[in-house]
Amino acid sequence: MERMNRKVVMVAVDESQESLYALSWAIDHLFPAPMTPQDPHEVAPGTTTLVILHVQPPVHNHIHSVGPAVCATPSLIESVKHAQEESSRKVLSNALLICEEKGVRAETALVEGDAKEMLCQTAEQMNADVLVVGSRGLGALKRAFLGSVSDHCAHHASCPVLIVKPPKASTS
């Protein structure tokens, strides 16, 4: 598909308030006027497309073993998959609601895998011009042990990465 000067802003969302804040910030700062194409199913050349991306972890991330054996019945796996799909639908629905309230049309994308890797990979596959991610503000110790999705993306994405930090809590 030829892009015809179409810009793609990809915003990663998850269950966190920080990611929804990043989405809201991106809309406010990167989409100054509501997008209103003539045909709601077409994107006019030269416009910016907002893609909301959610990464669903693999099912095996939710099945834990005790000792050397793992016994996951098909019904357990199906139940976990169903819960993940419902959670992903809710995340994307909340994100689309924010877009609707701000008058911005968005596309959604749902992928499965490790968030760090899949954000970078999907941004490259979709030729994103910028990848917007929220920051949970992990301290240095937590970031060293848990890893930071935003830090990984900043170093490995094929496009510029905009890390949106949440506002500092006011001290009143």
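## Getting oriented

Helices (H or I, at least four residues) and strands (E, at least two) are DSSP runs, numbered from the N terminus.

You are looking at a predicted model, where local features need pLDDT of at least 70 and side-chain atom pairs count only at pLDDT 80 or more, while totals for chains, interfaces and linings use all residues. Residues are numbered from 1 along each chain as its sequence is written, and side-chain values use heavy atoms, leaving out hydrogens and water.

## The chain as a whole

The protein chain has five helices and five strands. Followed from the N terminus, its elements run β-α-β-α-β-α-β-α-α-β. Of the 172 residues in the protein chain, 33% are buried (buried means under 20% relative accessible area, exposed over 50% and partly exposed in between, with a 1.4 Å probe and protein chains only).

How much of the contact between residues at least 6 apart in sequence joins residues at least 24 apart? The share in the protein chain is 81%, where contact means heavy atoms within 4.5 Å.

## The sheet

Five strands make an open sheet with parallel pairing, in the order E3-E2-E1-E4-E5 (two strands pair if DSSP finds at least two bridges between them). At the edges are strand E3 (106–112) and strand E5 (161–164), each of which pairs on one side only. From one strand to the next, the twist averages 25° (angles run from 0 to 180 degrees between N-to-C directions, and axes are lines fitted to C-alpha atoms, for helices over the stretch in contact).

Five of the six residues of E1 are buried, so E1 is largely enclosed by the rest of the structure. Strand E1 (residues 7–12) pairs with strand E2 (residues 48–56) in the parallel sense over six bridges. Within E2, Thr49 is the bridge partner of Val8, and Leu53 stands opposite Ala12. E1 and E4 also run parallel, joined by three bridges; here Val9 has Val130 of E4 as its bridge partner.

The buried residues of H3 are Met118, Leu119, Cys120, Thr122 and Ala123. What do the buried residues of H3 pack against? Their partners are E1, E2, E3, E4 and H5.

Now back to Asn127, which is found in the loop between H3 and E4. Its phi, near 55°, is a positive value in a residue other than glycine. With a relative accessible area of 43%, Asn127 is partly exposed.

## Where H3 meets H5

Two packed helices are described by the angle between their axes and the distance between the axes. For helix H3 (residues 115–125) and helix H5 (residues 149–156), the axes come within 9 Å and cross at roughly 40°. H3 passes H5 in a right-handed crossing (right-handed if the near helix is turned clockwise from the far one by less than a right angle, left-handed if anticlockwise). On the H3 side, the contact is made by Ala115, Lys116, Glu117, Leu119 and Cys120; on the H5 side, by Val149, His152, Cys153 and His156. These residues divide into five nonpolar, two polar and two charged (Ala, Val, Leu, Ile, Met, Phe, Trp, Tyr, Cys and Pro count as nonpolar, Asp, Glu, Lys and Arg as charged, and the others, Gly among them, as polar).

## Helix H5

H5 lies across E4 and E5, running at about 160° to E5. Which residues of H5 are buried? They are Ser150, His152 and Cys153. These residues cover an arc of only 160° around the axis, which puts them on the same side of H5 (the arc is that of the directions from the helix axis to the C-beta atoms). The buried residues of H5 pack against H3, E4 and E5.

## A stop at Lys90

Lys90 lies in helix H2 (residues 74–101). Is Lys90 buried or exposed? At 56% relative accessibility, Lys90 counts as exposed. Lys90 and Asp14 are 76 residues apart along the chain, and their C-alpha atoms are separated by 9.7 Å.
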